[in-house]
Amino acid sequence: MTTSRQPRTLYEKIWDEHIVVPQTEHNPAVLYIDLHLIHEVTSPQAFSVLRSRGLRVRRPDKTLATLDHSTPTKADLLYSNMPPGPAREQVKTLIANCEEFGVPIYDLTSQHRGIVHVIGPEVGATQPGKTIVCGDSHTSTHGAFGALAFGIGTTEVGHVFATQSLLQRKSRTLAINVEGALRPGVTAKDLVLAIIGNIGVGGGTGHVIEFRGAAIEQMSMDSRMTVCNMSIEAGARAGLIAPDDTTFDYLHGRPQAPEGSEWEKAVQRWRDLVTDTDAHFDKSVTIDANAVAPMITYGTNPGMVIPIDGVVPENGGDKAFNQALAYMALEANRPLLGKPVNVVFVGSCTNSRISDLREVADVLKGRKVADAVRMLVVPGSQATKKQAEAEGLDKIFISAGAEWRESGCSMCLGMNGDNVGAGEYSVSTSNRNFEGRQGVGARTFLASPATAAAAAVTGVITDPRTLA
Amino acid sequence: MQPIKKIESRTVVLVNKDIDTDQIIPARFLTTTQREGLGAHAFAEWRFDKNGELRSDFVLNTAAAADCKVLVAGDNFGCGSSREHAPWALLDFGIEAVISTSMADIFRSNALKNGLLPIVVDENTHQFLISHPGIDVTVDVAARELRFDAQVIEFELDDFSQYCLLNGVDELGYLLEQQASIEAWENERS
Ligand code: SF4
């Protein structure tokens, strides 16, 4: 069969497939949503709207709830022991709301609970070609599977509850071609930080990014998720990677993935989810993977980033730049290598999956966390925790002197009591180094799990490639 | 939502670029299950010192900023977290429009849904506004115009959002009217 259809990008294919009412000059499109993930922080006000207008959740079967943002990561504070206060109220509110509206929830006792962007893929709910939304900007993570996945606000959470649809305008498209291969010791996190440094924190605004090229094709799903996760840090609406055998192998056999003949049919469908040759992107950027070094941020947004052996740049009279350096108490033209740190955090939806934990364990094995450093290792989900424990990684962390916790967002945003102290330096595998993100006055260096682990054992910022 | 036709106010200027939603409303205030009362914590890290006292040197705390409904801010305003608590906090604080050279996508969408006007202007206009803090401006939603000092600047506002703002219509009502199409779409594919 031949069609005379115009070549389309992956984004356009998924978009076209989900249009309930097309976009016009005046009105946005009505876009159908296949999977709606929710958590305790951005959903309560949306449930209140349903209640006040006498509405129900239209498709509880396409809705999935978890608890992650404000939950404690200390086992003895979890479950019924959560200390009284607003966080406990928020958790109880989500559980009650899910019960009232019939929404499935991985609650505090569930084996599947974890950070919303870690569990979606883990249970196989995240699949190629789906439209996926969540009241959370890092929903972009799911784009690693060739799903159109993006963050929405709480009002829109209410829209999806009530109608399983959203009012949307089509985004522009940005191709990021990553040519070549990453050098040994350089990870997906380093690559995405280098990309954000290159295009800037507003470089993707109004766009959906498709990551393409040899370096992306060679990546594991965990690495692809790290890359798509941080698309939002470049301001992009979503990040996408075309699904391939790596994707299908990852999904095969997961609880919510199709089975038997349904699986074969699904894979056949999914193979069409690639950008057609000659399809048009509004913008293109090419990155040479060979030139990427381990990266680390020095400022207060993820675009303020340098190779780990570089020096803090200077930016003359730029007031905001100087304010960022003052906040970080850093000086221009000085290296970061050798800078003492107080806290090391391994976790968050960017880097808390099993391969991240293995990388950290590789560094920690037979070594000790430096005396002056407090190290927290927080798995992305209870299932990841279990897997890590089955592999004995927990013993490596604990005997090195790190704290091994229950899953959750934890120090990524410091809502649950896991904080970096005022004025302290942390090396963090999370995604945001904004002022105060990890605690009032906290100073964050974003880096890969390997770089974080290297800082933990040496007590100072260290190039992980120099630890043999 | 109340209809919004015009906003008339002096401006307050926050020159920083890339002001993220963690600055607009820090995460520790997100344990609320309501949308009211967040204004008290807007820009908490910048407005208050270590002891919780108002910092007199921060522009939003100055007498000149009192009752200002229009915030002029640096490039890429509202980046970061999708928290709708950010526009809720700004509105509760008394800000009804934000002017910048660019606005993060999710923030922009959240703002419009709550009647906070995100206004994107060109570099020159932005520079002028930055160097004239406290100037009287008018935001005219029907005309999609920003007026000040005998200047008239058109800003982009899609028809649909404009209609919703002018008439105080919320998008949920509109979406609910599409139920038949949504049902048909679902039936076709299941
Ligand atoms: S880990 Fe951090 S970035 Fe990811 S969902 Fe949780 S708070 Fe957001």
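Q: What makes helix 12 of chain A a helix that lies across strands 15, 16 and 17 of chain A?
A: Helix 12 (residues 354-364) of chain A lies across strand 15 (343-346), strand 16 and strand 17 of chain A, and runs at about 145° to strand 16 of chain A. Such angles run from 0 to 180 degrees between N-to-C directions, with axes as lines fitted to C-alpha atoms, for helices over the stretch in contact, and contact means heavy atoms within 4.5 Å. Helices (H or I, at least four residues) and strands (E, at least two) are DSSP runs, numbered from the N terminus. This is a predicted model, in which local features need pLDDT of at least 70 and side-chain atom pairs count only at pLDDT 80 or more, while totals for chains, interfaces and linings use all residues. Residues are numbered from 1 along each chain as its sequence is written, chains are lettered from A and ligands numbered from 1 in the order in which they are written, and side-chain values use heavy atoms, with hydrogens and water left out.

Q: How do you know that strand 16 and strand 17 of chain A pair?
A: Two strands pair if DSSP finds at least two bridges between them, and strand 16 (residues 374-377) and strand 17 of chain A are joined in the parallel sense over two bridges. V377(A) has W404(A) in strand 17 of chain A as its bridge partner.

Q: Why are strand 17 and strand 19 of chain A said to stand at the edges?
A: The open sheet has five strands in the order 17-16-15-18-19 (chain A), with parallel pairing. Strand 17 (403-404) and strand 19 (443-446) of chain A each have a single partner strand, so one side of each is left without a neighbour in the sheet.

Q: Why is H207(A) called buried?
A: Buried means under 20% relative accessible area, exposed over 50% and partly exposed in between (1.4 Å probe, protein chains only); H207(A) has 6% relative accessibility and therefore counts as buried. H207(A) lies in strand 10 (residues 207-212) of chain A, and the residues that H207(A) touches include S171(A), K283(A) and D105(B), not counting residues up to four places away in sequence.

Q: What makes E156(A) and K113(B) a salt bridge?
A: A salt bridge is a side-chain nitrogen of Lys or Arg within 4 Å of a carboxyl oxygen of Asp or Glu, and the side chains of E156(A) and K113(B) meet at 3.5 Å, N to O. The rule finds eight salt bridges across the interface of chain A and chain B.
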